[in-house]
Amino acid sequence: MLAMYQPNHGYGVMQFVKEKTKGRVVFGPGTLYGAIDNLAKKKWIAPCAPVEGDRKKEYVITDLGKEQVKAELKRMKEVYNIGLEIAGEGEMDNDQGV
Amino acid sequence: MIREFRLFLDPVDGLEKWLNKKAKEGLRLSKVQRCIYEFERCKPGQYQYAVDYIGNKSDAERKEYESLLDEIGIRYFEKPLNLGQFAVGKIQYRPYANKGGKWATSRGMINRELLILEKKNDGKPLEIYSNIEDRIAALRERRKPHFYLIGFVLLMGLYVFFFGRPLYNISILGTWISSSLGTVILWILLGVICAISIVRTVQISLSIKSLKEKRNILE
């Protein structure tokens with residue numbers, strides 16, 4: 001969904017994820033299709049009006065989608081804070097490469 | 001050009017393994033016609049193949065999927081796989097399909113149940129599904145038509161068992177088939193199809209189970 005804050009097509013999403021995870025996560029075509037289809041059905045992303053002469057279908061995040069991203073970030077922050085509480089900040093600094 | 005006839009007991013994984021073996025030998029798929037595969041020469045290991053089951057998708061979903069494949073530079077071939085569906089003329093009923101895909105027509109989804117994907121070998125495996133959840137979901141979709149096929153054969157068997165006659169008179173196909181030998185052959189054929197389906201269901205279920213175990217360990 002982060003890849004679709006600007007209108008983006010399937011290939012763009014794939015490249016975005018690959019780039020941001022430094023090649024660690026590469027979406028297979030089935031997974032990519034399934035993800036886009038699911039997000040569109042949930043109305044978290046919506047197809048953009050087709051540009052003439054361009055066959056690629058672009059999607060952009062909806063307001064509902066942005067809310068979901070914020071909620072997920074909040075959840076991740078909570079998990080992160082619990083992690084800090086237990087593992088301690090000092091140790092986290094040493095392990096940043098992990 | 002090299003042409004080969006081939007049937008697979010496991011039309012998804014079996015076909016995928018075979019095509020990858022051919023690619024390693026320097027053969028690139030150029031055309032698919034039911035069970036006949038045409039190859040052209042290429043550098044050994046230049047291409048990679050993966051087979052995806054899309055029989056559960058609606059026609060619109062298939063088109064979207066294919067245009068996505070075009071976008072990401074994956075070449076594909078459509079291939080038929082007829083399983084667990086009921087046909088009247090050129091319309092098929094697929095009880096296992098997604099919404100909008102239950103009634104398949106010859107213009108849309110019929111004979112396009114499998115997609116063979118091809119990409120240039122870049123050192124990374126061609127994986128259609130990149131996480132365990134998706135792999136489990138895909139296997140479940142592949143298992144569904146087998147359930148319906150087994151169920152259908154069982155129901156037919158029960159009907160004949162209780163009523164002592166087939167659902168409709170098959171003597172229309174010729175007198176031999178209504179003879180006792182014909183009936184026996186028909187039942188053996190149905191039995192074999194059913195047995196293959198049961199074996200495939202068990203195999204797919206075991207794959208799902210091992211993936212679930214892997215997922216639990218990761219969690």
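**Briefing: cores, sheet, helix and aromatic groups**

In chain B, one aromatic cluster is formed by Phe8(B), Trp18(B), Tyr37(B) and Phe39(B). The model is a predicted one. Its largest nonpolar core has 25 residues, and helix 2 of chain A gives the largest share of that core, four residues. The points below take up the aromatic groups, the cores, a sheet of chain B and a helix of chain B.

**Aromatic groups**

- Over all chains, the count of aromatic pairs comes to five.
- Trp18(B) and Phe39(B) make an edge-to-face pair, with 5.6 Å from centre to centre and 75° between the planes.
- This pair links distant parts of the chain, since Trp18(B) belongs to helix 1 (residues 13–24) of chain B and Phe39(B) to strand 3 (residues 36–41) of chain B, 21 residues apart.
- Trp18(B) has a relative accessibility of 4% and therefore counts as buried, the cut-off being under 20%.
- Phe39(B), at 1% relative accessibility, also counts as buried.

**Nonpolar cores**

- Within the largest nonpolar core, the residues that touch the most other members are Leu32(A), Ile36(A), Tyr65(B) and Leu117(B).
- Two or more residues of this core come from each of helix 1 (10–20) and helix 2 (29–41) of chain A, and from each of helix 2 (59–71) and strand 9 (114–120) of chain B.
- Another core, of 20 residues, lies apart from this one and includes Leu81(B), Tyr96(B), Leu114(B) and Ile116(B).
- Beyond its neighbours within four places in sequence, Leu117(B) is in contact with Pro29(A) and with several residues of chain B, among them Tyr49(B), Tyr65(B), Leu69(B), Ile74(B), Leu126(B) and Ile128(B).

**A sheet of chain B**

- Three strands of chain B form an open sheet in the order 4-9-5, and their pairing is antiparallel.
- Strand 4 (47–53) and strand 5 (75–79) of chain B are at the edges with a single partner strand each, so one side of each has no neighbour in the sheet.
- From one strand to the next, the twist averages 20°.
- Strand 4 and strand 9 of chain B run antiparallel and are joined by seven bridges.
- Val51(B) has Ile116(B), in strand 9 of chain B, as its bridge partner.

**Helix 3 of chain B**

- Helix 3 (residues 132–163) of chain B has 32 residues and reaches 47 Å from its first C-alpha to its last, close to the 46 Å expected at 1.5 Å a residue.
- Buried residues of helix 3 of chain B include Ile132(B), Ile136(B), Leu139(B), Arg143(B), His146(B), Ile150(B) and Val153(B).
- Because an α-helix has 3.6 residues a turn, residues three or four places apart point the same way.

Technical notes
Residues numbered from 1 in each chain as written. Chains lettered and ligands numbered in written order. Predicted model: local features only at pLDDT ≥ 70, side-chain atom pairs only at ≥ 80, totals over all residues. Heavy atoms only, no water. Core = buried A, V, L, I, M, F, W, Y, C linked by side-chain atoms within 4.5 Å. Buried < 20%, exposed > 50% of the residue type's maximum accessible area, 1.4 Å probe, protein only. Contact = heavy atoms within 4.5 Å. Pairing = 2+ DSSP bridges. Axes fitted to C-alpha atoms, helices over the stretch in contact; angles between N-to-C directions. Expected span 1.5 Å × (residues − 1). Phe/Tyr/Trp six-rings, centres within 6.5 Å; stacked < 30°, edge-to-face > 60°.
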